[in-house]
Amino acid sequence: MLNKMKKNSHINFALCMVILCFITSACQQKEKSVATPELEKPEVSLPTWINKDYVMGNFEPKSHENFQLIDTKYADREGLYLRKETLEDFIKMWGAAKTDGVNLIIKSATRNFDYQKGIWERKWTGQTELSDGTKASDEADSKKRALKILLYSSMPGTSRHHWGTDIDLNNFNNSYFEAGVGLKVYEWLKEHAASFGFCQPYTDKSGGRSGYEEEKWHWSYMPLSKDLTQFCKQQLTNEDIIGFQGSEVAISVDMLSNYVLGIAPDCL
Ligand SMILES: [Zn+2]
């Protein structure tokens, strides 16, 4: 009898230990799961100069301390601006291209919100024709009208041209880059632009990329634009896109996912 009681108390003791271990380990696990999110920090910390007004082009490049006027040696007209870092590396790329017999000419650089609003609204109202010679204003349905403009033009507040990191080079037609001098330019850029920090965000869409059609003329300065893209992914919403005719469509076309983030993987 005494032996049996002893045996039972041993079993009880063992059971208590198992339960205690279980509780302790559960507590430890709970502590771990609380601590994990702090340790992981899933969102990359971004430079402090990047904010919503900046990415949406709500500033004047000519009076911004980090922007510089582009010498007409590199552009087809006066009054174009880029961020200093972008321009510095573009000039290096321009020189290397020149040595290889390739002439790079900037046709468009920084365009702020107001400038982009002008482009967008002239297309929206039919004052400017679309690249296929039709007028967007002939389309009564506002979503369809926006989608036509969005083949090649951004809504104000969503253009990479706001950032001072993106440039349009040589010609606004893909066909120019598919033969002769233009083909030589494009092949040079594809081979060398990345070593100067530039990538082509709007490549052909065969890989399933959403958004704008292919633009062989548009190049982006990655060392800065990758953080700006990341900021948009983290903080910009379709509801932020307001202040121009047709802005109500931003939500239904999902400007953020389909267009702002609809770029080639090389630019991410
Ligand atoms: Zn462009």
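The model is a predicted one.

**Whole chain.** Show everything as a cartoon. The chain has 8 helices and 6 strands, and their order along the sequence is α-α-β-β-α-β-α-α-β-α-β-β-α-α. Of the 268 residues, 32% are buried. Take the contacts between residues at least 6 apart in sequence: 70% of them join residues at least 24 apart.

**Confidence.** Colour by pLDDT. The average for the chain is 89, and 84% of the residues score at least 70. Now select residues 20-38, where pLDDT stays under 50 and the model has 0 contacts beyond four places in sequence. Where pLDDT is low, the predicted coordinates should not be read in detail.

**Helix H4.** Select residues 113-124. This helix, H4, has 12 residues and spans 16 Å from its first C-alpha to its last, close to the 16 Å expected at 1.5 Å a residue. Which residues of H4 are buried? They are Gln116, Lys117, Trp120, Lys123 and Trp124. An α-helix has 3.6 residues a turn, so residues three or four places apart point the same way. After H4 comes Gly126, with a positive phi near 90 degrees.

**Nonpolar core.** Select Ile70 and Phe198. The largest nonpolar core has 52 residues, and these two touch the most other members. Stay on Phe198 and show what is around it. Leaving out residues up to four places away in sequence, Phe198 touches Met93, Ala193, Trp219, Ser220, Tyr221 and Met222. In soluble globular proteins, nonpolar side chains tend to be buried together.

**Two loop residues.** Go to Asn170, in the loop between strand S4 (166-169) and helix H6 (180-192). Asn170 is not a glycine, yet its phi is positive, near 65 degrees. Is Asn170 buried or exposed? Asn170 has 21 other C-beta atoms within 10 Å, and 20 or more count as buried, so this residue is buried.

Finish at Asp254, in the loop between helix H7 (222-235) and helix H8 (255-260). Asp254 also has a positive phi, about 50 degrees, although it is not a glycine. With 14 other C-beta atoms within 10 Å, Asp254 is partly exposed.

Technical notes. Residues are numbered from 1 along each chain as its sequence is written. This is a predicted model: local features need pLDDT of at least 70, side-chain atom pairs count only at pLDDT 80 or more; totals for chains, interfaces and linings use all residues. Helices (H or I, at least four residues) and strands (E, at least two) are DSSP runs, numbered from the N terminus. The expected span of a helix is 1.5 Å times one less than its number of residues. A residue is buried if 20 or more other C-beta atoms lie within 10 Å of its own, exposed if 12 or fewer, and partly exposed in between; C-beta atoms are placed from the backbone. Two residues are in contact if their C-beta atoms, placed from the backbone, lie within 7 Å. A nonpolar core is a set of buried Ala, Val, Leu, Ile, Met, Phe, Trp, Tyr and Cys residues joined through C-beta atoms within 7 Å. pLDDT is the predictor's confidence in each residue, from 0 to 100.
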